Each structure stands twice: as C-alpha cells, then as structure tokens.
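Trainee: I want to learn how to read pockets in a model. Can we work through one together?

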Amino acid sequence: MTKPRLVAGVDSSTQATKIVVLDVESGRVVREGRAAHPPGTEVDPWLWWSALGEAAEGGVLDEVQAISVAGQQHGMVLLDERGEPVRDALLWNDTRSADAANDLIEELGGPAEWAAEVGTVPVAAITATKLRWTARAEPDNAARAHRVLLPHDWLTWLLAGRPNEAVTDRGDASGTGYFSAATGEYRTDLLRLAFGRDLDVPRVCAPGEPAAVASELVAGAVLGAGTGDNMGAALGAGAEAGDVIVSIGTSGTVFAAYDRPTEDPSGVVAGFADASGGFLPLVCTLNAARVLQAGADLLGVDFAELDRLALAAEPGAGGLVLLPYLEGERTPNRPGAKGLVAGLTGANATRENLARAVVEGMLCGLADGLDGLVAQGVPVRRLLLLGGGSRSAAVQALAPWVLGAPVTVLAPAEYVALGAARQAAWALTGTAPSWPRPEESSQDLPDGAAEVTSSIRAGYAAVRDNTS
C-alpha cells in the first residue's frame, strides 16, 4: 500500500503557532500541533522559531514532504549582516509609529499618492512606518540593519538554513508599504523614503513556486514561499470571486477575493495582493474577539453566558452603544482612541443590553469595513464568517442584523494554516489542490431586518463620528 503524501501548513499568528498536516490527495487533516506565543506588541523573533519547534514535537512533522508558513502581516524583523535580529520585532498592533505614518503620507504628497503607488495608505501597522520609527527613534539599531523580513519570511528563512537569499510572496509583501500589488514589484524608493537607505529585501516568489528545500526541522521537505495570515485564510477557506470573508480574531478583518487591484485614497481599504495571483482588498480593525473577551470580563461571565445575555436583549440594546476601540483603532485610523459606552439610561442599564451592545459594537466596526469594500466596487455575493469570535452564538445570530446581509458561517478550523498547507501542496505537485470546501451553515437575513440594521448602524455612527 502506498503511503500518503503529507504536507504541512503553519500559522504563526500573534498569539500562537499552529501546525496542520494534511494528506495531499484528500485534503484530510491527519495531525496538528500548537504552541503559545508571548503577549505584547514587540517580540523576540527567536521565540517564534522556538514555538514552531514546540508545536512540531511528538512527530507532528514526520514524513512531511512540503511545508509553508503563513504569518501575521506587517511585523518588522530587522537583521544585521550576520543574520541576527538587531531588536525585537515590532508587530502589526504596535502603534508607536503612528506619527511616522503621518509624516510619510505628507512627504509623498498625501494619501492619494500612496494609494496610487502601492495601493495602501500608511498607518501604524504597516512595515514602512515601523522602519521610519526605528530610523528616527533608534538610530544605532537602524545603522546595524542589513535586511528586513516579515514574520513569515523569517521562519521560512530559518527553515531553509539561513541562505544568502530570503524569499517571500506577493501577498505578504503587499502589506509592507514598499511593494506594489498592481505591478508586483518592490518600490525601493519608498523603502528609502521610510528608512533613509536601502535594505536587503526577500525575493518574491510566484504563486505555487517551490521556494527552497528545508534543511532545518523538516529537512528535505519542499518549502513554499509562505504568505500573510489573511492571504492564507482566503486560500484555506477556498474564497472565490464575490466571496467576502469576515474574520473575527484578535483583530477583525473584512476582505474579498477580487480580480483587480484597488486604490482607496481614504486609507480604509488596503489594496493587497493575494497568494494565488489575484488581489485581496482588505479592511482591518484592531478590535474584534478581544471586545467579546472584555465584555465577558466586565460582566463577570463566560462566553456562553455572554451569548445568552446578548440574545435576551432587543436589537439596538435599548439605545446602549459600545464603541469598541479598546486598543486604539485602525479603521477609522485613530491609534490613540479609547473605548466608550454611550447612551446609558436608567431604563437600558441591564446586563442583557450591555452584552448586546458589546456584540453589536464589535460587529458595527466590521460593518464599517464592509462599507469600505463596497465603496471600492468590490462585489459581495456572500459573506463568509470565520475566526475564533465567529463561534459565538450571539455573533452568528446578530451578524445578519448588523451587516445587513445573509451570513455563511464556516465550520471551525485553522484556516490560515490550511491555506499554508494548500500552498505547500501546490509547491510540491505543481498544481493548486482541489480539496473539498469547508463545511458551512447559513444565517439568513430576518424579515424586516433592513430597518433594524439601519437603526443599529445609525446609533453606532452617531457615537463614532462624535468621538475623536
């Protein structure tokens, strides 16, 4: 009997490393591994490598023939000439470079110029702004820097044995601020604008291209180029034209499979590339599942009870509105913002209404993102809900009311890691695999929902637009 061919996908996220090992022919998951990451907005990148090794313990990667890594986007890993980090990696959710983002926007001539040049207007999350911050705030570290990598690039480079050339893919590269999704080329002039001089950057592999052969951890396996976490999720979910994914993780993202690049001068929509040759216009909020956690903590309940309370309240929470900017916000771009509970009265001051306002407020932030995609002409055939926060019964039930459209809830799975595994299989066989689509369930738009949706969104917008 012939042994099955196995491939591995890695999700190196903000919170953890997750590995899935799949059978190439069937797409069936045969093994999994996981290891936690430390908290914070800057992390020693060697800890990601340690977590990858820990997640692989117990033979998780035995007999794997190909592997790819999908990682959190935007993080800045600066290496010296010996290939050692010059400082801890700055992550996407580190907002200290907000002023640097404003400076870069002004220096190029405004947000419309950035949107036209690379498809994305800089915010604190973007790698280019972190380079500018480092150049200004830490000139000694900047002087030692020789190469800049993204988190997934770093892990792929280590798996390959630290070769002279690092590799990446167009999807993750498009989130740096110095790579154009439209042209598929680096904008080294913008890197120099950000950092003051050139840095070595990874070679960009074509979709499905074998990037190298692993010499560490899973020696001899084919290495895929890897990609960003959102691009990996789109691959893992099998997103097709007209699909809009609403992902509720640490951050919230709303993104679509699209056949053309986007340019949004407002900065709401980031004009990313995807991992398969198309494009991935995306809106990101900094606050998603963490809002649910904060609401549960505030009420002193677990998630199941938060769901029960929220579902017991009427739509609109009696006029109680939660603005969910717990960690600043990226959409809208308010890095210094704080959360807010508004509209509190004696009549609506109930645990049920507060729970409802928590869920509705988080979903309203994502609905703002959906509005941004629609404004760019992105077609919406169906909404796909995934991520840890999507497992909430209240989120599933309230999403159609707030988003104003039917929602398809994808079965819980490690979609980022599954997308990386799909890329690994592509690199191994030369063909993108046609694995079965994820299981799903539908939440229809209730009768008469349009008026309720309008009321909820209007109440939220009034608080949002009157808060700096």
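Trainee: How much space lies in the largest pocket?

Mentor: General idea first. Rolling a probe the size of a water molecule over the atoms shows where empty space is left. A pocket is an open set of points on a 1 Å grid over the protein atoms alone, where a 1.4 Å probe fits, with protein on both sides within 12 Å along at least five of seven lines. Here the largest pocket holds about 800 Å³, a volume being the space filled by probe spheres set on the points, which are joined across faces, edges and corners. This is a predicted model: local features need pLDDT of at least 70, side-chain atom pairs count only at pLDDT 80 or more, and totals for chains, interfaces and linings use all residues. Residues are numbered from 1 along each chain as its sequence is written, and side-chain values use heavy atoms, without hydrogens and water.

Trainee: Which residues lie nearest the centre of the largest pocket?

Mentor: Ser-13, Lys-18, Ser-247, Gly-249 and Thr-250, out of 35 lining residues (an atom within 4 Å of a point).

Trainee: Which element gives the largest share of that lining?

Mentor: H9, with three residues. Helices (H or I, at least four residues) and strands (E, at least two) are DSSP runs, numbered from the N terminus.

Trainee: What about the second largest pocket?

Mentor: About 350 Å³ of space. It has 20 lining residues, with Gly-27, Val-29, Leu-418, Pro-436 and Pro-438 closest to its centre. Strands S2 (16-23) and S3 (29-36) and H14 each give two or more residues. H14 gives the most, three.
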